[in-house]
Amino acid sequence: MVDKIGVQNYTNMKSLSALTFGSKDAEKRSKCENHDRLMAEDIKKHPISTRLKIQSDKLRKAFTKYPVKGFKGSKNANFYEFLTMGSVPYLTGSAMLIAVFNGARAFISDEAKKQAAAKLGNKMGLGVLFYGIAKVLSKKLIEIPVKWKHGIDVNLPYIKKIDELPEEDNKNNLVSYEYHKAYESVDFPRWDLFYNNKFYGEDRNSYFSKIADKMNINDGDLEHADQKVKPKIKEKVIQTKVFSTLISYLWAAVGVGVAMQKPWEKLSFNLKEIGSKFVKSCKEFVNNPNPAARTAGRVLLGAAVGMTLLGNFLTLFDFNKDKGSKTQAASSLIDESKEKVVC
Amino acid sequence: MSNVLNSILTNNSTENKHNSYVYKHTFTFDSEGRVKPKEDKAKLLPSRIFGSPVEYAKDLKKDVVNIGRAMKGQANDHELGRINDVAMKIGSLALACYLFVKNPLKLNKTMEFVGLGTFFGSMALWPKLAIQAPIKARTGVDIHQKYIDSQGRKKMMFQDPQYDLTDLYSREDLDRIGKKLKVNENLPDRDRFIKQRAKKLATQGNTLWMMSAGLAAPVMSALTCNVLEKPITNVLEQHALNSTKKAMEALKAEGIDSKVWEAIQKYVSENGQTVLNEDSLKEIMKKLPDVNSSDFSGNIRKYISSLADNIKNTLNKNVINEALKGKFDQATLEKVLGEMSDDVISQSSVEDIARKLANASGLSHGKKNKLIGELTKLIKDTQSKQTVTVGQIGEQMQKLGNSLVNFSSGKKVIEKFIHARVGEESGTYIANQWGRVTNTLFKSLHLSNSELKALQKDGNYEIITKKLAELPADKYDKLMNKLLKLIEDYETKTGADEMMNAVSTKAKEVCGAAGRKLTENGFDDLAKKVTSEAKAGTIENEITQRASSRILGAKSSFYRLIQWMDILKKEQSGELKSQVAEALKAAGKDSSDDAVKAMIEKCKSVLSGATPSDYAEKLKSANFRLDNDEYKIITDILFKNGEQEAASGLAAHKKEIMDRLVNWKNNMTPDLSRAVSGSSDAASNATQRSALSGKPITDWIKESAKDIYTSRKWLKIFGGAMIVIAGITLVTGLILGHKSKMEKQAEKEIKTNG
């Protein structure tokens, strides 16, 4: 069985190369690679298509492969699959919410009531849509500035190769691939994927050195750059995550608020008209003729904008510089005289 | 390794605090001073379907503290995961608050929070009720079993299938689960099989949760809202009735007259030099206390315009100088004006001034007359071009504001009192009660969907007639009693007479006080529009009339329904037939069976379909085409002879019902008859007629059927969907956790080997 798994691993490493979106050469992989591969190059070359492909792959599997594994109670089912399946209730729930608000419209015979139901149904349906869009896009308001200022891409993906255990009905196809993010865990970031990564440079610590440059904490000690910068990266990743989470729900609420305005009572599928309705509804959201709604709209928008600004302020500037990072396995713990083992 | 750990464990510097915390909770020293792992403190938490609110509050407090720490860059994966849940709730709460403020109706406002609560409730309850509880009942495995780790963090035991925590099960747990799962007691490695089955069940249950939650939670939430809407409506209704009653009792017309209305004062002081035009007039109207009456607002606008005209038409030296500069001898002008004081000039007419100037010019009589005309024209032209500033009318506006402030707030209290009871908006007591009457009738008749569909199309009441006729006597009486009780409640809760007494008393007080205040400040004309001896056209009259008309309108509609049902019953019993035959005979008309039948149909159709305008045409419109005799017979049968009816069979059968109906008819019929016959001007106006005649039964059936059909259809679709989703989930839950081939093989081996 061990041999068989070994053969499978070898065979599937080829298919791993096939999943690199343009990166043909396995040699390009860093020496430290433990079969998982950081997708930094793919993201740089094809940022949109790479992310789209990852998302579509995850979505497809969330509706097909993972539920099958889950319902079988597979011993190879894991937390990643459970989390990926989390997109299923989001999507089916959104569709169901739209249906709940619009489902009975066809049976209303009174024209005035039908129109009123259509107005409400349109707004509610659109509210569900705007909630999702605002929630996803608003995270970028924190993530992009952090990437620009500190060079940390909290969403940087990597392909993870999983060697599965043989099962009663599956003894051959024992390798699967998952798309993770290098910083998805703040307790265990995948530092190993950054060491000796040729994408960032020839040196073992090139990535960390670059981040140190960006953070203005590079003292030229390339050999120890990782130890100095890792705690800082961790700190910024935590801040980015918490603020992008907080603002995403506030902007999602703003999104629903915008969808609840009058211009959307009549839907249009003309792009120009949609644009103009969007602008009008945004204006109405903050300048509603009803004074109470106007104030509430401004307060909600103010909370979202305020939290976004606070998030950017705290993530972009380093207020722990002088105190030293509380999150680090502090440098004093490392015996400088000894050889360090990483990766 | 040991050195590093030792340095961490003994290092108390602030920089290392966070990380040493983790290590200190993981490692300790043995008796010889060597580092060793600490004893595992992880344990299972009591398995409960519903968590304790105290624990929930503690966890929430911890989460809020964690948000603060995470903002500084200190958090772990577990904390970040929990922060996501808290953020979702904060965002949703913010959204519910916005929608609460934006929604105009109280019920809808409340439902925003109810919707939020039921949605989160459904998300939390669905997996517990449809998956966790049934699986636990069947297998003993709590797939959402929680445990507390050595660091004190609460987590789900089966969250990650690759992180096996089944060792936390006690001996008792394993025995209990093994028994329920019927794992062979003779299996050599029984515990392993039990743990495998538990893990498998959890993986399957969690998958079922993910696949079903999106479909179930929104529908479950919507259905729960549907169920909760009725009790919430009742609570809100009671609250509105009580709070407006209290406010009404506390309302004092006098007492706050000294209050200064600051909005207009501020506007005038900031815009004293602004020219009075349409825009500034609009602003002034906005700044004055809102009296919410378009007629009265119109009168205020007229008053301000006349005030401005007066200012413009009042002469002063500046205007005369400006008008005649370079056009009249300056020395003469100065001399004439110098001899007149400002008061004399302001009280003089333009013609007077022109005459004085012409006299002083020393011209001949004929030329003088011509000059007077020219001077008058010049001064008037200049006068008309003069502008009035806001500051010039500021004092008057301030007085007006002060006069109206108490009136405005008092009027609002009375209007809210009326609105909570008989307002036309949905959610008011009258609207809710109308809904209750409708639901009671439709529910009692057990109308099918196809019948409702037919009813909503044309309001054809034959279906209702048939159903009513089919109702056994006891059920018919029960229905009647229920309807009468609702009408009685309506009269008690709105307290028709009591309400009108309160409204007219308070309206008189508030309007009277405002009238006096307006008169004191010199606004006599406006005072007369608020209250007067004649009352007609005043705000006081408007308030009381609106209230009484709404009370009467609803009452008439309720009793029209009762009367219609009564007529149908009388037709069924044959009583109506003899009544109509007698009436036809008395009128010397054909009283054959066919003629009687035709007349009965006409009676029924008048009751079910006649609109106020049909009554206005004495039921001779295209819908009815009654001749004078038929008209008299029908109105006599329908609107007269209440006392005779009381003695009739049906009244004896159900005296209470008839007593109430007869009482209404005796009180209302004279008015309605006058309205129908047009014999009284007061009673024959459209509003009065409408209030007296009530809503036509066909319109009511059609509208009600439409609403009930739609909501029933919605309930059928989504209630059906919920049943299907819940059914599939429950059935799937029942077949999960099957034995593995390995377990079966082991069992087989035991059987074979004995």
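Which exposed residues does the face of α15(B) turned away from its buried side carry? I opened my notebook with that one, and I kept in mind that this is a predicted model.

**Entry 1: helix α15 of chain B**

I listed the exposed residues on the face turned away from the buried side of α15(B): G366(B), K367(B), K370(B), D381(B), S384(B) and K385(B). Then I looked up the buried residues of this helix, and found I372(B), L375(B), T376(B) and I379(B). These four cover an arc of only 105° around the axis, so they sit on the same side of α15(B). A reminder to myself: an α-helix has 3.6 residues a turn, so residues three or four places apart point the same way.

What covers the buried residues of α15(B)? I noted that the cover includes α11 (317–324) and α14 (350–361) of chain B.

I also checked the length of α15(B), which runs over residues 365–385 of chain B. With 21 residues at 1.5 Å a residue, the helix should span 30 Å, and its end C-alpha atoms are 31 Å apart, which agrees.

**Entry 2: chain B as a whole**

I counted up the elements next, and chain B has 33 helices and five strands. Of its 754 residues, 34% are buried. I then turned to contacts in chain B between residues at least 6 apart in sequence, and 70% of them join residues at least 24 apart.

**Entry 3: the nonpolar cores**

Which members of the largest nonpolar core touch the most other members? This core has 101 residues, and my answer is I247(A), L250(A), A253(A), V254(A) and A216(B). Helix α10 of chain A, residues 225–259, gives the most to this core, with 18 residues.

Leaving aside neighbours within four places in sequence, I247(A) is in contact with S138(A), L141(A), I142(A), A304(A), M307(A), T308(A) and G311(A). There is also a second, separate core, with 90 residues, and I found A240(B), F407(B), L447(B) and Y476(B) among them.

**Entry 4: where chain B meets chain A**

How many residues does each chain give to the contact? I noted 59 residues from chain B and 59 residues from chain A. On the side of chain B that touches chain A, several elements give two or more residues, including α1 (2–10), α7 (190–250) and α32 (697–735) of chain B. The largest share of that side comes from α4(B), with 15 residues. By type, the residues on the side of chain B that touches chain A divide into 30 nonpolar, 19 polar and 10 charged.

**Entry 5: a sheet in chain A**

My last stop was an open sheet of three strands in chain A, with the order β1-β2-β3 and antiparallel pairing. Which are its edge strands? They are β1 (37–38) and β3 (175–181) of chain A, and each pairs on one side only.

I went through the pairings in turn. β1(A) pairs with β2(A), residues 157–163, in the antiparallel sense over two bridges. For R37(A), the bridge partner in β2(A) is I159(A). β2(A) and β3(A) are joined in the antiparallel sense over seven bridges, and the bridge partner of D163(A) in β3(A) is V175(A).

How values were computed
Residues numbered from 1 in each chain as written. Chains lettered and ligands numbered in written order. Predicted model: local features only at pLDDT ≥ 70, side-chain atom pairs only at ≥ 80, totals over all residues. Expected span 1.5 Å × (residues − 1). Buried ≥ 20, exposed ≤ 12 C-beta atoms within 10 Å, placed from the backbone. Arc of directions from axis to C-beta. Contact = placed C-beta atoms within 7 Å. Core = buried A, V, L, I, M, F, W, Y, C linked by C-beta atoms within 7 Å. Nonpolar A, V, L, I, M, F, W, Y, C, P; charged D, E, K, R; others polar. Pairing = 2+ DSSP bridges.
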